[in-house]
Amino acid sequence: MEVFDLIASMQNEISAAAPANSEQLEQFRIRFLGSKNVIKPLFAEMKNVPNDRKKEFGQLLNSLKESAEEKFKSVQESFESNADEEYDLDVTAPGFPLIQGTRHPISLAMERIINIFTKIGFVIAEDREIEDDWHNFTALNTPDDHPARDMQDTFYLQGSTEQLLRTHTSSVQTRVMTSHKPPIRIIAPGRVYRNETISARSHCQFHQIEGLYIDKNVSFADMKQTLLYFAREMYGPDTRIRMRPSYFPFTEPSAEVDVYWGLKDETDYRITKGTGWLEVLGCGMVDPAVLNNCGIDPEEYSGFAFGMGIERQAMLLHRIGDIRQFFENDVRFLKQFSAVL
Ligand code: DAH
């Protein structure tokens, strides 16, 4: 029968078809799959096909249609995967919006503090996070039985009583003093670790900035003026500070510095415990024993040191209520700092 021959020749045509570009592919589509395609009218021939061949006829037509669809799809896919070669640049098309990244609020606060101190001649000193007991404690006048060494607070490396994760950036003081001659004027930013229960107010990892200034005739008044300068740069030109006597093993005398935060609203009451004053850092005159431990003559040199937690500063600057947010990498939190310079 003629119509069977026609199907066979179409089947051959489809198998042999090799559209070389999208225009030829479109012709192929119109011919075999379009609304006026050449296969469709063949279905009408069914009535002329003898009964015993109707089934065969139907199957042949269906497979003709299927092979046309398959051919179209596979050629189309091969064009898409070679899209580069076919790509026409449309210079008038609107651009893709670039998603702007943000710096982490800890990095922002750290940078701000670093800038304040580098402006007056401090240089950045960085050192290891895995420290030994001597640089983290002993050299800093922290006796063997000091509670800070307790296994509760310090992460020691497995099986070691010597190697630990530094508990403060004061260890960088030791590193610098044992390797450099005064004058020394450094700030040491970095990550520190303590074995603390994680809560809204404390974490087992956080960041500190340490400062150290050693030269001839450095006095407590120099320290006070430096820290007042810092507080005013950090919190505004009218910021007031006060110093409270305190104790640190590595400084004598030691003090804690508070800034006046005010009591404007309920949050102020809560974070200042109703006093209006906020503690921001610890400081003091480097203990002569520490200078001695590090090979610096305390008869010739004196100096001051200070240390502060970055998370605390960032929480105050941005009114962040939970320290854990800094470490969760939640984009919804981080995105909010895109406008902070
Ligand atoms: N290392 C102290 C801490 O982690 C902070 C500190 C206090 C550093 C007084 C100092 C200092 O250099 O003089 O709590």
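# Loops, helices and strands of a predicted model

User: Where is the place of Asn 141?
Analyst: Asn 141 sits in the loop between α7 (133-136) and β3. Helices (H or I, at least four residues) and strands (E, at least two) are DSSP runs, numbered from the N terminus.

User: Before we go on, what kind of model is this?
Analyst: This is a predicted model, in which local features need pLDDT of at least 70 and side-chain atom pairs count only at pLDDT 80 or more, while totals for chains, interfaces and linings use all residues. Residues are numbered from 1 along each chain as its sequence is written, and side-chain values use heavy atoms, leaving out hydrogens and water.

User: Back to Asn 141, then. What is its phi?
Analyst: Phi of Asn 141 is near 65 degrees, a positive value in a residue other than glycine. Most residues other than glycine have a negative phi, and most peptide bonds are trans. Asn 329 also has a positive phi, about 55 degrees, although it is not a glycine; its place is the loop between α12 (310-318) and α13 (331-334).

User: How accessible is Asn 141? And Asn 329?
Analyst: Asn 141 is partly exposed because its relative accessible area is 26%, whereas Asn 329, with 53%, is exposed. Buried means under 20% relative accessible area, exposed over 50%, and partly exposed in between (1.4 Å probe, protein chains only).

User: Which peptide bond to Pro 183 is cis? And which one to Pro 253?
Analyst: The bond from Pro 182 to Pro 183 is cis, with omega near 0 degrees, and Pro 183 is in the loop between α8 and β4 (184-193). Glu 252 and Pro 253 are joined by a cis peptide bond with omega of about -5 degrees; Pro 253 has its place in strand β7 (residues 251-260).

User: Turning to the helices, which residues of α2 are buried?
Analyst: In helix α2 (residues 22-32), the buried residues include Leu 25, Phe 28 and Phe 32. They lie on the same side of α2 because they cover an arc of only 55 degrees around the axis, the arc being that of the directions from the helix axis to the C-beta atoms. Glu 23 and Gln 27, on the other side of α2, are exposed.

User: What covers the buried residues of α2?
Analyst: The cover includes α1 (2-16) and α4; contact means heavy atoms within 4.5 Å.

User: How far apart are the end C-alpha atoms of α4?
Analyst: They are 46 Å apart, which agrees with the 45 Å that the 31 residues of helix α4 (residues 51-81) should span at 1.5 Å a residue. The expected span is 1.5 Å times one less than the number of residues.

User: In what order do the strands of the open sheet run?
Analyst: The 7 strands follow the order β1-β4-β5-β9-β8-β7-β6, with mixed pairing. The edge strands, each pairing on one side only, are β1 (123-124) and β6 (241-248). Two strands pair if DSSP finds at least two bridges between them. Strands β8 (residues 277-286) and β9 (residues 302-309) pair in the antiparallel sense over 4 bridges, and Gly 282 stands opposite Gly 307 in β9.

User: How many disulfides are there in the whole structure?
Analyst: The search finds 0 disulfides, a disulfide being a pair of cysteine sulfur atoms within 2.5 Å. For Cys 294, the nearest cysteine sulfur is that of Cys 283, 19 Å away. Cys 294 counts as buried because its relative accessibility is 6%.
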